[in-house]
Amino acid sequence: MTTTITPVRLRCEYLDNPSGIDTTQPRLSWQLEATTPGQRSLKQTAYQILVSSSESGLAQGQGDLWDSGKVSSRQSSHIVYAGSVLTSGQQYWWQVRVWDARDEASDFSASASWEMGLLNDGDWQSKWIGLQSSMPAYDAIDVEPMQKLPGLQSSPYLRTIATLPRAVRKARLYVTAKGVYEVHINGQRVGDAYFAPGWTDYQRRIQYQTYDVTAQLQQGENSVAAILGTGWYAGHVGFWIDGNGNNYQHYGSAPRLLLQMQIEYTDGSSQTIISDENWQGALGPIVYSDFLAGETYDARHELAGWDQPTFQADDRWQPVLVEERDAAVRLVAEPAQPIRVTQTLTPQAVTEVSPGVFIYDMGQNMVGWVRLQVAGEAGTRVQLRFVEMLNPDGTIYTTNLRSARQTDTYILKGQGQEIFEPHFTFHGFRYVEISGYPGQPTLETLTGMVAHSDTPPTGSFECSNPMVNQLQKNIVWGQRGNFISVPTDCPQRDERLGWMGDAQIFVRTACYNMDVAAFFTKWMRDVVDAQAPDGGFPGVAPRIVVKVNGAPAWGDAGIIVPWTIYQMYGDTRILEEHYEAMARWLAYLHEANPDLLWKNKRNNDYGDWLSIDADTPKELLGTAYFGYDALLMSRIAHALGRDEDEEKYQRLFKGISEAFTRAYVDEEGYISGGTQTCYVVALQMQLLPEHLRPLAARHLVKEIEKKNGHLSTGFVGVGYLCPVLTNSGYSEVAYQLLNNDTFPSWGYSIKHGATTIWERWDGWTTDKGFQDPGMNSFNHYSLGSVGQWLFQYVAGISTDQQRPGYQHIQLRPYPGDDLTYVKAEFMSIHGRIASAWQKEGGAQTFTVTIPANTTATIALPATSDTQILEGGVPAEEADGVTFVQEEEERMLFELGSGTYSFRLRAS
Ligand code: RAM
């Protein structure tokens, strides 16, 4: 007999064949597919993992580092490596085979691998290098006065020659920067990452990247070279906090490079190339490159051949400045996907708005930059300015960028066709203004380069309402544009900070759209690095610019984010890793607020930020979050088997919910403040006694009616609004909010051309035009947190809280009256889940797919009177389907893996 299941998609620490990880007990995961498509109720009953120190050894079935033996288990994700000790720089190959329900073994899977990075501080021999400060800057260069921001720096070009005496068998490059880097070997750029090493608190922890450069090296002389940018380290980030314009040099004054190349020769000998005194530095064509300002590139200053081994350095090249490493700053492997260009866009239109000034419409508010093609005389200066919106007269609207310039300037060298892409800057924009272009630019002149943390797409959602489909697109574009090493609030103005409130409200939506497990694994370390000694989590992580501790709904991201990652991916390690930090945050709140209302230490309390004519009392909102923290901590303690803590936090949660009810709720379920958000948080966070819940839900609906069927929630209330309505039996009200296109609603922005989620409901209105430019981004994801509701309720794809990570799936779709169909998919850690429903005539069809080795409970909107067929036979007789029970207006069935199509008809 052959097996029914096949292991596929092997991953290590959420990544495909990662190189340079520093987790010494990495977790291995795979997915299972039906060997014969269409088979149902397939499960794994056992697995065997082999890990080998060589690819050929593994091919011969040897697990010299680890042979798990046959382990009886359903587990197919997060299996902790338990073999011999893993060592720096070594690559490991692994494979898995599984046994099915009949105890038939599969073949071993295709092999996968991972490679360790540099695990010990002593592995690093290299030194930080940069330009001597005596190096003349391009300050005097004729930069447009408007582009002159204090702190702008020219990019260092650095190079050395590595002489390799023998043929290379294997070479790895470990590299990082204080700032951002681009490495070139023998004239070729290494890797495809942008803005590496990414943003962390550089005074504590700097990520490095590992590249396989074997194929780029040759016996003999090799050029190893790099360009640096200031990036988050020394460039402009955030707003003008102190009135002096000091929103730059947050971590240090000038960029530095740290590079180490480990070479193994075919004869078994080895060599290490490092950044040190043997490097030279010069200024090149990048006059400056800065996230907020943009880039000015003078091609006349290009250092032709500078990254080639044959290059003859002239006296522009000087010895570099060398600094020893500070052991207090940890060098860590980057645990997440790097930033990459994931798509290119062709402009949709170009218009000449005044003589020689052209405006391109990219058709999409995007984040990244453009590639420019141009030919003309040397010294011709082409300027590109990037904005999200246009003024009524068709010119570019720059005011909402505040002090961010978002301007790239290219100065031609005059040698035929020239192509320019900036190196170390990104912009948030839909429109590009080009001036100084020699000749008539065409649609081919510019190409949009979309860049962001390359988190793999996992979700899709489509329905019969085009406006809702546009909403889903806008949510995804907002996520792409703002997940840039950290989850930022916006990508265009002088801010771009890791705002915690935004992240916590959006994290579940983010998990549906893309695989963000590794991304948030990394960011939670930023959060904990930024935790204050008193236990206070920050309001932004990394903690710069806004230095106070987190406010309600902002600091709480420190608990909500790990909890959500655990729920969405079954990851207990993120809970363990940060358990102490989470406990300290809660203790900090508790100590400051012994009467269990969050009165003290609310710091910059933003309340229900950017709500519409609805002031939710801040203390009440804070207390709700305090209660939610305690509730989640009790669940987290439970997940980790910490029984005493579970009880302790449960008691705390009970105390806070009682205090909340005493202080803010009357006996008819009215909540003081009376805003929609008041009711939403009280219900979502389970703060009300049972008997008041239906009353509070009614009041919530009344509040919506009072607003003529509109929402009034800000960042904080919006995420739970539709879920709470739906859970309380008012899904039709949630649908009404979804379908609205009058102000304020998601549809309103879409009706007025939005291609991303706006920061404010009233970012632009027909009555008032643009909102206060002091804070008006058109690419902010927070109000897009309704995406969770689309997947989890409209399509009905949810995990079982008790068996997280979609090991057991809850399918509970809520068909809305105005939609005729919905089709959604979600690639979970266990494989592809799909849910679709459709109405035709008097019948409804529900088609679902759940992956092998998972089970599901489907709750169909039906009663015992409904005729329910699956594949043409009565559901309870269908293969893989077991009737469970009837609940209020729902018929529940248990499903084994596979695809099912249920047809419901009222009889
Ligand atoms: C602004 C942004 C950000 C929000 C803070 C409180 O800077 O809107 O998204 O979190 O305020």
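Is E577 buried, partly exposed or exposed? At 37% relative accessibility, E577 counts as partly exposed; here buried means under 20% relative accessible area, exposed over 50%, and partly exposed in between (1.4 Å probe, protein chains only).

Before the close-ups, a word on the model. This is a predicted model, in which local features need pLDDT of at least 70 and side-chain atom pairs count only at pLDDT 80 or more, while totals for chains, interfaces and linings use all residues. Residues are numbered from 1 along each chain as its sequence is written, and side-chain values use heavy atoms, with hydrogens and water left out.

**View 1. E577 and R525 meet in a salt bridge.** Side chains of opposite charge can pair when their charged atoms come close. A salt bridge is a side-chain nitrogen of Lys or Arg within 4 Å of a carboxyl oxygen of Asp or Glu; by this rule the count comes to 44. For E577 and R525 the N to O distance is 2.7 Å. E577 lies in helix α7 (residues 573–592) and R525 in helix α5 (residues 517–529), so the pair ties together parts that are 52 residues apart in sequence. Helices (H or I, at least four residues) and strands (E, at least two) are DSSP runs, numbered from the N terminus. R525 is partly exposed too, with a relative accessible area of 24%.

**View 2. R430 and D361 form a salt bridge.** Their closest N and O atoms are 2.9 Å apart. Strand β33 (residues 427–435) holds R430 and strand β27 (residues 357–374) holds D361, so this pair ties together parts that are 69 residues apart in sequence. Both R430 and D361 are buried.

**View 3. E647 pairs with R651 in a salt bridge.** Here the closest N and O atoms are 3.9 Å apart. The two residues are four apart in helix α9 (residues 643–664), which means that about one helical turn separates E647 and R651. R651 counts as exposed, at 56% relative accessibility.

**View 4. The largest pocket has about 990 Å³ of space.** Rolling a probe the size of a water molecule over the atoms shows where empty space is left. On a 1 Å grid over the protein atoms alone, a pocket is an open set of points with protein on both sides within 12 Å along at least five of seven lines, where a 1.4 Å probe fits; lining residues have an atom within 4 Å of a point. Grid points are joined across faces, edges and corners, and a volume is the space filled by probe spheres set on the points. Which residues lie nearest the centre of the largest pocket? Of the 39 lining residues, they are Q684, N727, Q792, Y793 and Q801. Helix α12 (residues 715–727) gives the largest share of the lining, five residues.

**View 5. Two peptide bonds are cis: A196 to P197 and A541 to P542.** Most residues other than glycine have a negative phi, and most peptide bonds are trans. Omega is near 15 degrees from A196 to P197, and about -10 degrees between A541 and P542. P197 sits in the loop between β14 (188–189) and β15 (205–212), and P542 in the loop between α5 and α6 (557–569).

View 6. H78 lies in the loop between β6 (71–72) and β7 (79–80), and at 11% relative accessibility H78 counts as buried. A553 is found in the loop between α5 and α6; A553 is also buried, at 0%.
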